[in-house]
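Q: I'm new to this one. Can you walk me through it?

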Amino acid sequence: MNFLRKWGLRPLSLKGMTYLAILMAIEIIVGRFVIGSSSVQFSFTFIVIALIAKWYGPFWSTGVAVIVDFISTLFSGQPYFPGFALSAILVSLIYSIGFFQQKRISWPRVIIVVALITVFINLILNSWWVSIIAHTPFSYFFGVRLGKNLISFPIQTVLLYWVLNNRTIQNLKPTIFK
């Protein structure tokens with residue numbers, strides 16, 4: 001049972017649920033402000049996802065990922081594609097494994113986590129999902145998305161390191177679990 005508790009599988013306090021709902025709303029709102037086309041987009045939702053993963057762990061963050069993916073798709077007016085929900089789950093899981101219950105996040109930890117998400121989720125898995133939806137060869141989207149990810153990798157790394165180690169943000173952490 002300690003293993004499950006270690007990974008965030010325990011009841012939330014009322015304050016913890018409230019913060020989680022606020023973070024979900026922020027993620028949905030921030031996700032509406034994207035830069036780029038439908039196949040290559042950049043947004044700052046990764047910061048909110050990383051905070052949820054750091055504070056709530058894999059159990060709660062992966063559940064939130066599915067819910068936010070579904071709600072965001074409804075707001076976008078696009079048809080729902082479950083592959084992106086799988087990507088969202090994996091991103092939350094990687095962030096959780098890297099950041100949950102860590103007091104201070106090191107540069108190597110942030111670089112490894114962002115690199116895993118960039119290569120395996122953003123470049124490979126999401127390019128594959130977009131190629132399926134658009135009925136276009138994978139290599140086309142991989143090439144287009146490679147440039148975007150080469151630019152966004154250092155930006156995400158620096159921003160995550162700064163946000164996750166920021167004293168003010170750390171002091172915002174609610175009393176999440178009962």
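Predicted model: local features only at pLDDT ≥ 70, side-chain atom pairs only at ≥ 80, totals over all residues.

Q: Which residues does the "transmembrane region" annotation cover?
A: The unreviewed UniProt entry gives residues 16-35, 42-60, 80-98, 110-134 and 146-164.

Q: How much of residues 110-134 is helix?
A: That span is 100% helix and 0% strand. Its end C-alpha atoms lie 32 Å apart.

Q: And what about 16-35?
A: Residues 16-35 are 80% helix and 5% strand. Here the end C-alpha atoms are 31 Å apart.

Q: New topic. Which residues touch the most other members of the largest nonpolar core?
A: Tyr 95, Phe 99 and Leu 160 do, in a core of 35 residues. Helices 2, 3, 4, 5 and 6 each give two or more residues to this core. Helix 3 gives the most, 12 residues.

Q: What is Tyr 95 in contact with, leaving aside its neighbours within four places in sequence?
A: Its partners are Phe 46, Ile 49, Ala 50, Ala 53, Phe 100, Val 113, Ile 117 and Leu 160.

Q: OK, pockets. What volume does the largest one have?
A: About 1,500 Å³. The lining has 42 residues, and Val 34, Gln 41, Asp 69, Phe 84 and Asn 126 lie nearest the centre.

Q: Which elements give two or more residues to that lining?
A: Helices 2 to 6 do, along with strand 2 (41-42). Helix 3 has the largest share, 12 residues.

Q: How do the lining residues divide?
A: Into 21 nonpolar, 16 polar and 5 charged.

Notes
Residues numbered from 1 in each chain as written. Heavy atoms only, no water. UniProt positions renumbered as here; feature names shortened; annotations may be inferred. Helix = DSSP H or I, 4+ residues; strand = E, 2+ residues; numbered from the N terminus. Core = buried A, V, L, I, M, F, W, Y, C linked by side-chain atoms within 4.5 Å. Buried < 20%, exposed > 50% of the residue type's maximum accessible area, 1.4 Å probe, protein only. Contact = heavy atoms within 4.5 Å. 1 Å grid on protein atoms, 1.4 Å probe; cavity = no way out; pocket = protein on both sides within 12 Å on 5 of 7 lines; lining within 4 Å. Points joined across faces, edges and corners; volume = space filled by probe spheres on them. Nonpolar A, V, L, I, M, F, W, Y, C, P; charged D, E, K, R; others polar.
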